[in-house]
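Here are a few notes to go with your look at this one. Skim them with the viewer open and see what you make of the points below.

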Amino acid sequence: MTIELDALDLGTIAPVDEDARQQAEQRQLTLTKPPGALGELEVLGNQLSAISGECPPPVPEPGLVVVFAADHGVQAQKVSPWPQEITVQMAANIAAGGAGVNVLARAAGAQVRIVDLGMLTPVPGVDDRRIAPGTADFTVGPAMTREQALTAIETGRELARQAADEGYRVLVPGEVGIGNTTPAAALVAVFTGRPAVEVTGRGAGADDVMLARKAAVIDAGIALNQASADDPLGALAAVGGFEHAAMVGLILGAAELRLPLVLDGVIACSAALVAVALCPAVQGYLVGGHAGAEPAIQAAHQKLGLRPLVDLGLRLGEGSGGAAALPQVVMAARILHEMATFADAGVTDSPEPPTTISGPPTTISGPPTTNPGPPDTTPEPIEASA
C-alpha cells in the first residue's frame, strides 16, 4: 500500500495558508458592515484566502463542472429501479448541453465537461478515459482492482491540472451512473463508521423494499471485502466506482493547485471522505455545495466539518448542486475585493457608547393622581383578515 500511495505523490499537497485566513478575518472587520453580518459568506471568503494564500483571494471564476460517467456491477443486485441504459442516455444529454447541470452551470457562468470512466457503452462526444465497461459486483468481490482505482484517481488529477492550465479557477465534481448511490453510501459507511441502514438513501427512486435490499447489499459488500478506513485505497477499490475514484483524483488535484473544490451530492461527498483519508490537508480546500436529500450527504458533511452553501432539496446529481452554489463562492471573494472599508467610505467603524443620565433622580411634584375608576374591559373589535 505504501508503494501505491507513494505513486500518488501526495507530498505535493500543502495545507491551506492560515496566515492568509487570519489576514482575511482582519480585513472583514474593516469592511462597512457589523462583524459577521454576512455570515457564511465571510467564513467562505476567509477560506478562499487560506486556499489561495492571498488576501483578498483571486475571484474563483470561471468554474468548471467535470462530470464523470460510469456503470456499476452492483446493479445486478437491483439497487436502482432504472436500467443501466440510462447512464449512456444521460451522458449523451449532458454532452449535448441539455441536462440540468448544463442549465445551472450556464446560469453560473461555468462550463461542463463530461468524461467516460467506464460506461458499458461509449458515447460519441464524451471524453473517453474508459478503464473497463463498468465495475464488478462488489457483493461477489472487489468492485475494482487497486490498479484500476489508482488509474481513475490519476485521471481525475490530470483533468484538474488540465482545467487549471485552461484558466479555470474553481472545480465542481459531477457524475452520472445508474446505481452509483450504492457504492457512495458504502464508502460513507466505511469512512464515518455509521451503519449502512443509516446512510443509505433512495437514490433515483428506490421504494421501501429496494431501499432495504440496498442497505443489505452494502453491508454484505463491506463485510465480504473487509473494506476499512485504515486502508483508504483498498476501501475505494472494494466498494467504490470509477467515477468515485476519479472524483478523488479531481479533489487531490484541486488541492495540489490551490483551487477551491465545491462538492456536489452524495457521490462527491463520499469521494471527499476518501481523499481526506488519503491526505488530510485536502480538507481545507473543500466547500460544501448543497445539503441534498440523501442521508449520506449529512453524515459526510459532519465528518468533514462542512456546512453546505445551499439547501434546496436537490437530488439530481450530475454536479447540479455544486453548480448552484458557485455564485455564492464568487460573492464571497468579491466581498473582500470590492466592499468599501470604513476608512474608504468615511463611515464610523464602531457604534457610539450608550448614553448615560447623570444627576439626582427626577422627582414628581404636585398632588397625587386620583384613581379614575376601574379599567375599561371592553374588548377591542377584531379585524377580519382578507
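**Notes on salt bridges, core and packing**

1. Let's start with Arg-130 and Asp-116: they form a salt bridge, with their closest N and O atoms 3.2 Å apart. Arg-130 sits in the loop between β3 (127–128) and α6 (146–165) while Asp-116 belongs to strand β2 (residues 111–118), so the pair ties together parts 14 residues apart in sequence. Asp-116 is buried, at 1% relative accessibility, whereas Arg-130 is partly exposed at 29%. Keep in mind that this is a predicted model.

2. Across the whole structure, the search turns up 14 salt bridges. Another is Arg-21 with Glu-18, closest N and O atoms 2.8 Å apart; these two are 3 residues apart in helix α2, which means about one helical turn between them. Asp-208 and Arg-202 also pair up, at 2.7 Å from N to O, with Asp-208 exposed at 55% and Arg-202 partly exposed at 38%. Then there's a network linking Glu-61, Arg-334 and Glu-338.

3. Helix α2 (residues 18–30) and helix α3 (residues 39–52) have axes that come within 7 Å and cross at roughly 145°, in a right-handed crossing. The contact residues split into 3 nonpolar, 4 polar and 3 charged. Among them are Ala-20, Arg-21 and Glu-25 from α2, and Glu-42, Asn-46 and Ala-50 from α3.

4. As for the largest nonpolar core, it has 111 residues, and Leu-171, Leu-263, Val-282 and Leu-286 have the most contacts inside it. Helix α12 (residues 266–278) is its top contributor, giving 11 residues. Looking past its neighbours within four places in sequence, Leu-286 touches residues including Gln-47, Ile-251, Leu-263, Val-276 and Leu-306.

Terms used. Residues are numbered from 1 along each chain as its sequence is written. This is a predicted model: local features need pLDDT of at least 70, side-chain atom pairs count only at pLDDT 80 or more; totals for chains, interfaces and linings use all residues. Side-chain values use heavy atoms; hydrogens and water are left out. A nonpolar core is a set of buried Ala, Val, Leu, Ile, Met, Phe, Trp, Tyr and Cys residues joined through side-chain atoms within 4.5 Å. Buried means under 20% relative accessible area, exposed over 50%, partly exposed in between (1.4 Å probe, protein chains only). Helices (H or I, at least four residues) and strands (E, at least two) are DSSP runs, numbered from the N terminus. Contact means heavy atoms within 4.5 Å. Axes are lines fitted to C-alpha atoms, for helices over the stretch in contact, and angles run from 0 to 180 degrees between N-to-C directions. A crossing is left-handed if the near helix is turned anticlockwise from the far one by less than a right angle, and right-handed if clockwise. Ala, Val, Leu, Ile, Met, Phe, Trp, Tyr, Cys and Pro count as nonpolar, Asp, Glu, Lys and Arg as charged, and the others, Gly among them, as polar. A salt bridge is a side-chain nitrogen of Lys or Arg within 4 Å of a carboxyl oxygen of Asp or Glu.
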